[in-house]
Each structure stands twice: as C-alpha cells, then as structure tokens.
Amino acid sequence: MPPAAPEAPVKPPTSLVRRARKIHRVLAETYPEAGCELDFRTPFELLVATVLSAQTTDRRVNAVTPVLFAAYPDAAALAAADRTAVEEIIRSTGFYRAKTDSVLGLSAALVERYDGEVPARLRDLVTLPGVGRKTANVVLGNAFDVPGLTVDTHFARLVRRFEWVDDDVAKDPVKIEHAVGALFPRRDWTMLSHRLIWHGRRRCHARKPACGACPVAHWCPAYGTGPTDPVEAARLVTTQGRA
C-alpha cells in the first residue's frame with residue numbers, strides 16, 4: 001500500500017490575509033525606520049550578538065559587543081579565546097556562562113565546518129551551538145537578505161493579539177512561523193518581523209499595551225487590553241525598546 005500523500009497546507013481565509021496585510025501596511029508607515037537593533041558589521045558579529053541577546057536587551061548587547069569584537073574579530077579568534085576573559089566581557093548580558101559556551105562552541109564549529117565563515121542556509125545555521133530558528137532567521141534576513149520570520153516574544157505576543165494564529169498554533173514558534181508566513185509574500189517576512197517587534201517594544205507591551213495610542217487599533221481584536229484613553233495610553237508609548 002503506497003504511503004499517504006502529505007496534507008496540503010490550509011489556505012488562510014481571504015479576510016484574515018487582508019486584515020493582516022492592512023496592519024502591516026500601517027505599521028510600515030508608523031515605523032519607517034524599523035530594522036535590526038543589534039549593531040553589527042559582519043554576519044559573524046550578528047550571529048554572536050543575536051545569541052547574546054537572549055534574555056536581555058539589544059542596547060545591553062550593543063554596549064558589550066564592541067569590546068568583544070575588538071578582542072576577537074572573527075570565528076578563529078573567538079574559538080581560541082580564554083573562557084574567563086569572554087565571560088568577563090559578556091557578564092552584564094546575563095546567563096553569561098551558558099552564552100560563553102554557545103559563542104565559543106559556535107565559533108569552533110564555524111572554523112571546523114565552514115572555514116570560519118557563517119553559512120547562509122537555515123539548515124546549516126541551526127546545527128551550530130546555541131543557534132535555533134529564531135537566531136538563524138535574524139542572521140539570514142539581516143546579513144544575507146534571505147527572507148525569514150523572527151518569532152521572538154514580541155512577535156508571538158502580537159500575532160496572538162491580532163488573532164493571526166489559532167490557539168493551538170500560538171504555543172509553537174515553528175507553527176507560528178509557518179502560519180504567519182502563509183499570510184504574507186515571502187519578500188515581506190524580514191521587515192514584517194522588524195515592524196512587529198518594534199511595535200511590541202514601543203506600544204503593544206506585554207502587561208499594559210498602549211491601546212488608545214495604537215495605529216492599528218481599528219483592526220486589532222485585542223483592543224482594550226490596555227488603556228484606551230488617548231492621553232493615558234500616550235504615556236505608555238516609548239521611542240525605543242526597553243533599556
């Protein structure tokens with residue numbers, strides 16, 4: 001008996017696609033400067049910075065990476081680094097021992113497997129120590145112009161509030177990635193990620209979103225989760241992510 005054919009992906013409702021794309025267009029107008037908030041010059045710097053950004057802020061990472069990369073400018077240098085010295089440099093980012101394991105391990109893997117260069121394929125990136133799909137998509141989208149969706153905590157929170165994904169999907173970052181990807185052209189994925197993350201950091205906060213000062217309130221099923229009074233909501237709007 002031949003194996004069953006794989007199920008075809010479910011096409012999202014046209015009304016949902018239209019609403020999602022309208023929200024994206026408004027966010028694009030609201031945040032024309034949206035982009036990666038990690039400072040980097042090379043794919044290697046972005047890869048390491050993204051690993052360091054776990055459980056901390058981009059501003060904190062940007063404060064330590066100049067020192068780190070001045071001492072260890074490439075994978076070969078970081079792979080050969082003294083562990084204690086690296087820990088001391090990145091200590092303020094939190095979880096510094098585990099992060100040191102990751103950046104030393106991924107650097108060694110790059111040297112051993114890829115001649116010290118960061119690969120431009122997701123399937124290769126996710127084999128590196130400390131690198132999952134979220135980190136891989138950040139690197140692909142911003143260092144190699146390969147479209148990808150970055151499902152971080154902000155992204156996941158907003159697609160739930162916008163009801164772009166069902167409850168059973170919302171618990172799984174990979175399912176979120178595929179479900180949201182079906183709503184948009186592939187070319188939009190990287191900038192969509194930036195705009196959702198910017199909106200999550202500046203207005204659609206986890207505990208108290210600025211609903212009354214939200215440019216996409218009209219299309220948001222979660223409107224009213226936070227204060228709807230424009231004056232009160234405006235006080236919650238920030239010009240950048242958390243310190």
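Select glutamine 55 to begin: at 67% relative accessibility, this residue counts as exposed, a term that denotes over 50% relative accessible area, with buried meaning under 20% and partly exposed the range in between (1.4 Å probe, protein chains only). The model is predicted, so local features need pLDDT of at least 70 and side-chain atom pairs count only at pLDDT 80 or more, while totals for chains, interfaces and linings use all residues. Residues are numbered from 1 along each chain as its sequence is written, and side-chain values use heavy atoms, with hydrogens and water left out.

**Two loop residues**

Glutamine 55 sits in the loop between H2 and helix H3 (58-71). Helices here are DSSP runs of H or I with at least four residues, strands are runs of E with at least two, and both are numbered from the N terminus. The phi angle of glutamine 55 is near 60°, a positive value in a residue other than glycine.

Next, select phenylalanine 95, in the loop between helix H5 (83-90) and helix H6 (96-114). Its phi is near 50°, again positive in a residue other than glycine. Phenylalanine 95 counts as exposed, at 56% relative accessibility.

**The whole chain**

Now zoom out. The protein has 13 helices and 0 strands. Its radius of gyration is 20 Å, close to the 18 Å that the globule rule gives for 243 residues, so the protein is as compact as a globular protein of that length. That radius is taken over C-alpha atoms, and the rule is 2.2 Å times the number of residues to the power 0.38. Along the principal axes, the C-alpha atoms fill a box of roughly 65 × 55 × 25 Å.

Of the 243 residues, 48% are buried. Contacts (heavy atoms within 4.5 Å) can also be sorted by sequence separation: among those between residues at least 6 apart, 61% join residues at least 24 apart.

**Threonine 50 in helix H2**

Select threonine 50, which lies in helix H2 (residues 43-52). This residue is buried, with a relative accessible area of 6%. Its side chain reaches the backbone oxygen of leucine 46 at 2.7 Å. Apart from neighbours within four places in sequence, threonine 50 is in contact with Leu38, Thr135 and Val138.

**Serine 193 in helix H12**

Move to serine 193, in helix H12 (residues 189-202). With 2% relative accessibility, serine 193 counts as buried. A polar atom of its side chain lies 3.0 Å from the backbone oxygen of tryptophan 189. To see its other surroundings, display Gly148, Leu149, Thr150 and Phe155, with which serine 193 is in contact when neighbours within four places in sequence are set aside.

**Arginine 157 in helix H9**

Finish at arginine 157, found in helix H9 (residues 153-161). Arginine 157 counts as buried, at 10% relative accessibility. Its side chain makes a polar contact with the side chain of histidine 154 (3.0 Å). A polar contact is a pair of N or O atoms within 3.5 Å; within protein, one must be able to donate a hydrogen and the other to accept it, and residues adjacent in sequence count only if both atoms are side-chain atoms. A polar atom of the arginine 157 side chain also lies 3.1 Å from the backbone oxygen of glycine 200.

Not counting residues up to four places away in sequence, arginine 157 touches Gly200, Cys204, His205 and Ala206.
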